[in-house]
Amino acid sequence: METMKAARLVETGKPLKLENVPVPHPGKDELLIKVKATGICSSDIHYQDGRSRVTKLPITLGHEISGEVEKCGEEVQGFSPGDRVCLFYLVTCGDCMMCNSSKDNYCSNAKMLGKNLDGGFAEYVAVPARNAFAIPDNIPFSQAALITDAVATPFHALKRAAVQVGDSVLITGIGGLGIHAVQIASIMGASQVIAMDLDGQKLELAKKLGATAVINPKTDDLAENIARLTKGNGVNVAVELIGLTKTIRQSIEATGLGGKTVIVGICPEEIGLNPYHDLLLKERTILGSADQCREDFPVIIDLAARGRLNLGHSVTHELPLEKINDGLEMLKNKNENPVRIVVVFS
Ligand SMILES: [Zn+2]
Ligand SMILES: [Zn+2]
């Protein structure tokens with residue numbers, strides 16, 4: 001039996017274990033992908049420490065995956081060995097009401113790579129062919145991996161908020177997702193993109209990639225700065241990517257009349273809203289945004305291929321699979337100020 005290296009979560013709360021496991025067999029409508037790059041996401045830390053639950057143990061984590069088609073199942077059409085692809089991480093049924101209404105992120109039968117199914121911290125992964133999207137040669141594998149989550153998640157959130165030309169947009173949290181949210185908001189036509197983070201270096205990068213103003217709450221008063229930058233009107237859209245009660249409330253308060261707040265950061269606590277003051281008086285909207293949809297992929301890939309979306313600053317660290325636990329620790333402790341850390345395979 002052919003085997004491969006995989007970094008597996010065997011026990012919650014413990015480091016991932018490098019194991020030799022069988023190479024998966026692609027089913028008739030599946031592709032066997034030779035993994036080239038898999039991004040390390042904060043969710044992987046949550047699966048590892050048990051804050052979010054995986055549904056099987058042991059499991060190979062990793063949901064931000066790009067690679068090359070190694071083998072096609074007998075009924076697969078449209079792909080050949082050697083094709084460069086990135087993978088939509090939700091394996092959906094393609095058949096339910098949600099799948100049929102472009103809301104496949106809510107497919108009632110969805111299973112997630114690296115959470116419910118073995119993922120990409122391994123040399124190979126098998127996925128339905130409909131989860132693979134071709135990527136052109138000018139997008140390196142490590143950047144293509146990010147498209148599937150670090151780019152697609154804020155893309156979906158900004159689409160949920162229906163950003164209009166001329167809007168002012170506040171992005172809270174300039175990490176692996178926020179740095180792309182800044183760019184996507186400007187591509188969508190925001191006239192003002194305000195980046196907020198506690199890290200000065202991240203804010204500098206945000207400026208380089210299109211933020212028109214930055215706010216560091218360590219030194220700047222948020223409310224004062226929002227009032228100054230928007231002439232007292234508040235922002236049209238706030239995207240919250242951190243998931244703290246404080247930053248969610250700040251995001252809502254930063255929006256003006258008819259303003260929309262999209263919450264992406266995972267926050268399991270109550271946020272203490274006053275419906276009259278916080279919502280009704282300004283006709284504000286609060287939206288949640290989860291994951292992304294298949295239909296988001298071709299647009300993002302096209303934007304990256306044409307250089308409209310600059311992913312050149314997004315991968316700050318590349319590590320071999322053997323160093324996966326160092327990568328998880330680095331992200332957890334924000335050592336060396338990572339944007340995205342990617343596991344790469346030769
Ligand atoms: Zn993720
Ligand atoms: Zn479905």
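The model is predicted: local features need pLDDT of at least 70, side-chain atom pairs count only at pLDDT 80 or more, and totals for chains, interfaces and linings use all residues. Residues are numbered from 1 along each chain as its sequence is written, while chains are lettered from A and ligands numbered from 1 in the order in which they are written.

Start with the overall form. The C-alpha atoms of the chain fill a box of roughly 65 × 40 × 35 Å along the principal axes. The radius of gyration, taken over C-alpha atoms, is 20 Å; this agrees with a compact globule of 346 residues, which would have a value near 20 Å. The globule rule is 2.2 Å times the number of residues to the power 0.38. Nine helices and 18 strands make up the secondary structure. These are DSSP runs, numbered from the N terminus: helices are H or I with at least four residues, strands are E with at least two.

The chain divides into domain 1 (3-139 + 311-344) and domain 2 (153-288). The bounds come from an automatic or database domain assignment. The C-alpha centres of the two domains lie 29 Å apart. Five residues from domain 1 and seven residues from domain 2 take part in the contact between them. Here, two residues are in contact if their C-beta atoms, placed from the backbone, lie within 7 Å. On the domain 1 side, the touching residues are one nonpolar, three polar and one charged. Nonpolar covers Ala, Val, Leu, Ile, Met, Phe, Trp, Tyr, Cys and Pro; charged covers Asp, Glu, Lys and Arg; the others, Gly among them, are polar.

Now go inside. Buried residues make up 48% of the 346 residues. A residue is buried if 20 or more other C-beta atoms lie within 10 Å of its own, exposed if 12 or fewer, and partly exposed in between, with C-beta atoms placed from the backbone. The largest nonpolar core has 102 residues, and I171, V182 and V239 have the most contacts inside it. Such a core is a set of buried Ala, Val, Leu, Ile, Met, Phe, Trp, Tyr and Cys residues joined through C-beta atoms within 7 Å. Helix α2 (residues 141-160) gives the largest share, 11 residues. Both domain 1 and domain 2 give residues to this core, so it lies between them.

Follow V182 to helix α3 (residues 178-187). Eight of the 10 residues of α3 are buried, V182 among them. The cover over these buried residues includes α2, β11 (168-172), β12 (192-196), α4 (200-208) and β14 (235-240). Beyond four places in sequence, the contacts of V182 include I171, V193 and L209. After α3 comes G189, with a positive phi near 110°.

An open sheet of three strands runs in the order β2-β1-β4, with antiparallel pairing. β2 (17-22) and β4 (59-60) stand at the edges with a single partner strand each, so one side of each has no neighbour in the sheet. Strands pair if DSSP finds at least two bridges between them. Six bridges join β1 (residues 3-9) to β2, where M4 stands opposite V21. Elsewhere, β3 (residues 30-40) pairs antiparallel with β5 (residues 64-72) over eight bridges. K34 stands opposite E68 in β5. β5 also pairs antiparallel with β6 (residues 84-87), over three bridges. There, E68 stands opposite R84.
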